[in-house]
Amino acid sequence: MTEIFVSPERVAARDDLTVVDVRREWDYANDHIPGAVHVPFERFRDSGDAMEGTLPTPTAFGSLLGGAGIEPRDRIVAYDGGHGVYASRLLVTAEVLGHDPDRLHLMDGDIQAWRRSHETTDAVPDTETAEYVCEPRADGALIGADELEDALDGDAVVVDTRDPVEYDTVHLPGAVNLQWRTLVDDETRRLRPRDELESTLQSHGLRPDRPVRLYCNTGRRLSFVYTVLLELGYEDIGFYEGGIEAWAEHGGPVETTS
């Protein structure tokens, strides 16, 4: 079974893991998991010259990871301060740009969950710049607007991962609203138990044997849902990077909830 999420205990015994903190500079400087390297979230957003949606260029992303000492064969586990929704974006970006999906993991819980049973540090690890050359995947989960439009008339469940108020304002016809926060426990800061996750997904019409197509606005929220679906054994998953604005520019149909 796919193991995407790894526990803080597994991270603490990380002989083979490269731990990556994606929080802002001042958060990382204040305290972080010992040995964690820093790849801030705002640095792997596009800078106006993106591939699609909010993805950075392969050159920019390779330079960013290499600058943090990360190599293409590293087994990465990422974390943040927001349940994993930012860290999951790093993993999805790395997957699209060629990192081995089997070597991409998300810590189950964020820095707050880590602090409850483990120490943090403000010491920055010594790292050497590495060469990281991205090789974007041609067979990955990234889909374009035309493929998303085809999904509206097919067997796939089209999932809007945004907040309900955004969904009510405008969404794709027939899309179900699965807010990413329903998959995490606010008290533990970790993923909900598997049976609860499966129940939530099934109540929205999602099943492992049915294609799923995800979208949001900037790719962050869909990344978390995508990661959870992989953890639960879903295989036919696609995600659209463009968001509602790009979808409207494409001329795709929309509807509102009255």
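Notes on the source. The model is predicted, so I read local features where pLDDT is at least 70 and side-chain atom pairs only at pLDDT 80 or more, while totals for chains, interfaces and linings use all residues. I number residues from 1 along each chain as its sequence is written, and side-chain values use heavy atoms, with hydrogens and water left out.

I then searched the whole structure for disulfides (a pair of cysteine sulfur atoms within 2.5 Å) and got 0.

Histidine 118. I placed this residue in the loop between helix 5 (111-115) and strand 6 (142-143). Helices (H or I, at least four residues) and strands (E, at least two) are DSSP runs numbered from the N terminus. Histidine 118 is buried, with a relative accessible area of 19%. Its side chain makes a polar contact with the side chain of serine 117 at 2.9 Å. A polar contact is a pair of N or O atoms within 3.5 Å; within protein, one must be able to donate a hydrogen and the other to accept it, and residues adjacent in sequence count only if both atoms are side-chain atoms. Setting aside residues up to four places away in sequence, I list Pro8, Glu9 and Ala12 as touched by histidine 118, where contact means heavy atoms within 4.5 Å.

Asparagine 177. I found this one in strand 8 (residues 176-177), buried at 17% relative accessibility. Its side chain reaches two backbone oxygens: that of aspartate 160 at 3.1 Å and that of arginine 162 at 3.0 Å. Beyond its neighbours within four places in sequence, the contacts of asparagine 177 include Tyr167 and His204.

I traced an open sheet of 5 strands in the order 1-5-4-2-3, with parallel pairing. Strand 1 (5-6) and strand 3 (37-38) are at the edges with a single partner strand each, so one side of each has no neighbour in the sheet. Strand 2 (residues 18-21) pairs with strand 3 in the parallel sense over 2 bridges; pairing needs at least two bridges found by DSSP. Valine 20 has valine 37 in strand 3 as its bridge partner.

Definitions and conventions: Buried < 20%, exposed > 50% of the residue type's maximum accessible area, 1.4 Å probe, protein only.
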